[in-house]
Amino acid sequence: MTRVRSDDAALLEVDDLRVHVATPEGELRAVDGLSLRIGRGEVLGLVGESGCGKSLAALALLDLVPPPARRVGGRIALGGVDLAAGAGRALRAARGRRIALVFQDAAASLTPTLRVGEQLVEAAAIGGASVRDAAARARALLERVGLGGERVFGAWPHQLSGGQRQRALLAMALLGEPAVLVADEPTTALDVTTQASVLALLRELQRERGLAVLFITHDLAVAAALCQRIAVMYAGRVVEEAPTEALFAGARHPYASALLACSAPLDGPRLARLPSIPGAPPRRFGPAVGCAFAPRCPDAQRRCVAEDPPWVALGASHAARCVLALGAGDAGGRRG
């Protein structure tokens, strides 16, 4: 493992993370220079449309990117230790122990031919615990997430509801007592009531354990309820990052503003029909030239197509990658 210079306030530091996917058209740049910082006990939301690279980024953080995708670069430092160095051996060793992942599809993530308790015991035993100790820890965590009793421990995955399966996955992720939890759309397939209960549980566990959480979602209302900061991702890059209240009060990147306009209001009457963003995120096969959102942006200028947009500081912990924001802040000083 390689010790690197670290941001003292950050527990997890991601710099220039890149994931490419081999396609018949060429190398698709699915994650194209993603950089993030998450402090101890902080919840950072990563939001964006489907196809922006959020889930591939989450998988890359744990060296779980499936072929034909592959991580081609980037630094992933946890507590100042570069986990991506040395062909990723340190990253694989940290997986499940120092950093864990909760998948979005609980039904597909649990093995259908093993009982729930068996799967948790297997996960707990990876760290070297005896079967008896692993079973005791698994039962304790099931109790903590509201799934106590032998019925759930001895149940098959198909016998549980969607919310119960998601809670079981959360218990499994916490068995290694990680410092960082990556939650990839963990409530997408749940109804509104079950979603609220799972989010409340995640919030409780995060606070009592002091977890740093990267919460990935396409739902800005969910992100607002859980996250202290939000990073808006588009075409494999973060285009705006801000404290949650600041983003909702005044998003400066046109894509972030459009996402907010397309979201159901957090309070007050709901609109009969929400607006939508014309077009779709681009598929980039070469080096980035200009702003990826320019073809969909109603305010795009000629320079937006020709220039790589700079990071513009807009206030404390608030910045956007947009030439249109230059009049509101200072360019430079941010990571790419």
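This note goes through the pocket, salt bridges, hairpin and cysteines of a predicted model.

1. **The largest pocket.** The largest pocket holds about 700 Å³ of space. Its lining counts 28 residues, and those closest to the centre are Gly96, Ala123, Ile126, Met172 and Ala173.

2. What classes of residue make up the lining of the largest pocket? There are 17 nonpolar residues, seven polar and four charged.

3. **Salt bridges overall.** The whole structure has 17 salt bridges.

4. **Aspartate 63 and arginine 92.** These two side chains form a salt bridge, with N to O at 2.7 Å. The partners come from distant parts of the chain, 29 residues apart. Aspartate 63 sits in the loop between helix H1 (54-61) and strand S5 (69-78), while arginine 92 belongs to helix H2 (residues 89-94). Aspartate 63 has 25% relative accessibility, so it counts as partly exposed. Arginine 92 is also partly exposed, at 35%.

5. **Glutamate 150 and arginine 139.** A salt bridge joins these side chains, again with an N to O distance of 2.7 Å. Glutamate 150 is in helix H6 (residues 150-153) and arginine 139 in helix H5 (residues 131-144). The two residues are 11 apart in the chain. Arginine 139 is partly exposed, with 35% relative accessibility.

6. **Glutamate 208 and arginine 144.** In this salt bridge the closest N and O atoms are 2.9 Å apart. Which parts of the chain does the pair tie together? Glutamate 208 lies in helix H8 (residues 192-209) and arginine 144 in helix H5, so the bridge ties parts that are 64 residues apart in sequence. Both ends are partly exposed: glutamate 208 has 47% relative accessibility, and arginine 144 has a relative accessible area of 27%.

7. Strand S12 (residues 311-315) pairs with strand S13 (residues 318-321). The sense is antiparallel, and the pairing runs over four bridges. Glycine 315 is opposite histidine 318 of S13. Two residues lie between the strands of this hairpin. Serine 317 has a positive phi there, near 65 degrees.

8. How many disulfides does the model contain? The count is zero. A disulfide is a covalent bond between two cysteine sulfur atoms. The cut-off applied here is 2.5 Å between the sulfur atoms.

9. **Cysteine 227.** Cysteine 227 is buried, because its relative accessibility is 7%, under the 20% limit.

10. **Cysteine 291.** This residue is in no disulfide either. Its nearest cysteine sulfur belongs to cysteine 322, 6.2 Å away. Cysteine 291 counts as buried too, at 17% relative accessibility.

Notes. Residues numbered from 1 in each chain as written. Predicted model: local features only at pLDDT ≥ 70, side-chain atom pairs only at ≥ 80, totals over all residues. Heavy atoms only, no water. 1 Å grid on protein atoms, 1.4 Å probe; cavity = no way out; pocket = protein on both sides within 12 Å on 5 of 7 lines; lining within 4 Å. Points joined across faces, edges and corners; volume = space filled by probe spheres on them. Nonpolar A, V, L, I, M, F, W, Y, C, P; charged D, E, K, R; others polar. Salt bridge = Lys/Arg side-chain N within 4 Å of Asp/Glu carboxyl O. Buried < 20%, exposed > 50% of the residue type's maximum accessible area, 1.4 Å probe, protein only. Pairing = 2+ DSSP bridges.
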